[in-house]
Structures are given as C-alpha cells and as structure tokens.
Amino acid sequence: MTSIAHSLLRPLRWSERALDVVIAPVVFTAMAALIGVITLQVVSRVFFTAVGWTEEVARFLLVWITFLGATLAFRRSRHIAVTFVVDALPDLPRRLVRIAALMVALGFLAALVAIGIEYMQVQSFQKSASLRISMTWIYLVIPFSAAIMAWCALVDLLELIIEEPPP
C-alpha cells in the first residue's frame, strides 16, 4: 500500500476503533443495568408488589443492547456469514465479490437510516406507558446504529479498494 493510501486509511481506521471503544462500555453498562432491572423485577414480584417501570426499562435496554451490539459485531466481522464460496475464489474475483457485498450492505444500511429517522418522526408524539419519555429516544438507536454500521462498511470498502492485493 502506498504511503498516501496508508495516510488516508489511518484516520478512518482510528475512527472505527474510537467508536468501538465508546460503544463497548455502553453495551456492557446497559447489560449490567438490564440484569439489575430484571433482578429487581423478579424480587419485587416474589416478595412485594411488582415495580411497574421495570418491565418497560428492561424492554428498552434490550432494544438498545441489540442494536448497539450489532454495531460491535459488524465492526468485528462477527455476524453470521457463509463464506466458503467466496473464500474459494481467486484474489481478484474474491475482492470484487466482497466489494459488491459491502456495497449491498451500504445500500441496506442507508435505507435503514432513512427508515429509522422516518419511524422516529412518526412515533415522536408517543410517550412510553410508565416512564412517560418520548419514544423518539427509544427509536433513535435504529438510525444511529445503522449509521455507525454504514460508516464501518464504508471504511471496509475503501480499504478493499485502496489496498493493493497480495502478490
């Protein structure tokens, strides 16, 4: 890889790692909070009167954990993939197939950002049942996580295009 290409990719790779460093502790903290809330819910139902807001908080935490965890999995290439056919291809066709796959993923993620923003706007008037917070905050994770995954896909795509193929 030329030094110009390397200098172009360095800040992009750094931004991916920075997002990872920020999101991972958020997901971990949300998981710990989810465990705490569900424990409170179980204990309060068994020994006392059920705490009403725990079910709603647990549901919202699970939604956020799912989407933010998906960004971590996408960044680390941990989503389920069947790659034996692509891996069997020679270098150039393999690169072209991976580029095509990333372009399809980018298209899907861009559509998810747009749909997520539209869904947020449609649901913006609605408040959650027990916490009375705007559902916009709950649905914000959809376009947010899709935008992060799209950024990671774009960086991967640029790496594939810019980097020189192995000899």
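What we have here is a predicted model, in which local features need pLDDT of at least 70 and side-chain atom pairs count only at pLDDT 80 or more, while totals for chains, interfaces and linings use all residues. Residues are numbered from 1 along each chain as its sequence is written, and the side-chain values use heavy atoms, with hydrogens and water left out.

I will turn to the pocket. Rolling a probe the size of a water molecule over the atoms shows where empty space is left. A pocket, on a 1 Å grid over the protein atoms alone, is an open set of points where a 1.4 Å probe fits, with protein on both sides within 12 Å along at least five of seven lines, and its lining residues have an atom within 4 Å of a point. The largest pocket holds about 860 Å³ of space, a volume being the space filled by probe spheres set on grid points that are joined across faces, edges and corners. Of the 27 residues in its lining, Ser77, Arg98, Ala101, Leu102 and Asp156 are the closest to its centre. Helices α2, α3, α4 and α6 each give two or more residues to that lining, and α4 gives the most, with 10 residues.

Next come the charged pairs. Side chains of opposite charge can pair when their charged atoms come close. If we call it a salt bridge when a side-chain nitrogen of Lys or Arg lies within 4 Å of a carboxyl oxygen of Asp or Glu, the count comes to five. In one of them, arginine 13 meets glutamate 159, with the closest N and O atoms 2.6 Å apart. Because arginine 13 lies in helix α1 and glutamate 159 in helix α6 (residues 141-162), this pair ties together parts that are 146 residues apart in sequence. For accessibility I use relative accessible area with a 1.4 Å probe and protein chains only, where buried means under 20%, exposed over 50%, and partly exposed in between. Arginine 13 is buried at 18%, and glutamate 159 is buried at 16%.

Another salt bridge joins aspartate 20 and arginine 76, at 3.1 Å from N to O. Aspartate 20 sits in helix α1 and arginine 76 in the loop between α2 (53-75) and α3 (84-88), so parts that are 56 residues apart in sequence are tied together. Aspartate 20 is buried at 14%, whereas arginine 76 is partly exposed at 42%. Within helix α2, glutamate 55 and arginine 59 form a salt bridge at 2.7 Å, N to O, and these two residues, four apart, are separated by about one helical turn.

Which rings pair edge-to-face, at 4.7 Å centre to centre? Rings of Phe, Tyr and Trp (its six-membered ring) pair if their centres lie within 6.5 Å, with planes under 30 degrees apart called stacked, over 60 edge-to-face and the rest tilted. There are two aromatic pairs by this rule. Tyrosine 119 and tyrosine 139 form the edge-to-face pair I asked about, with 75° between the planes. Tyrosine 119 belongs to helix α4 (residues 91-122) and tyrosine 139 to helix α5 (residues 135-139). Tyrosine 119 is partly exposed at 36%, while tyrosine 139 is buried at 19%.
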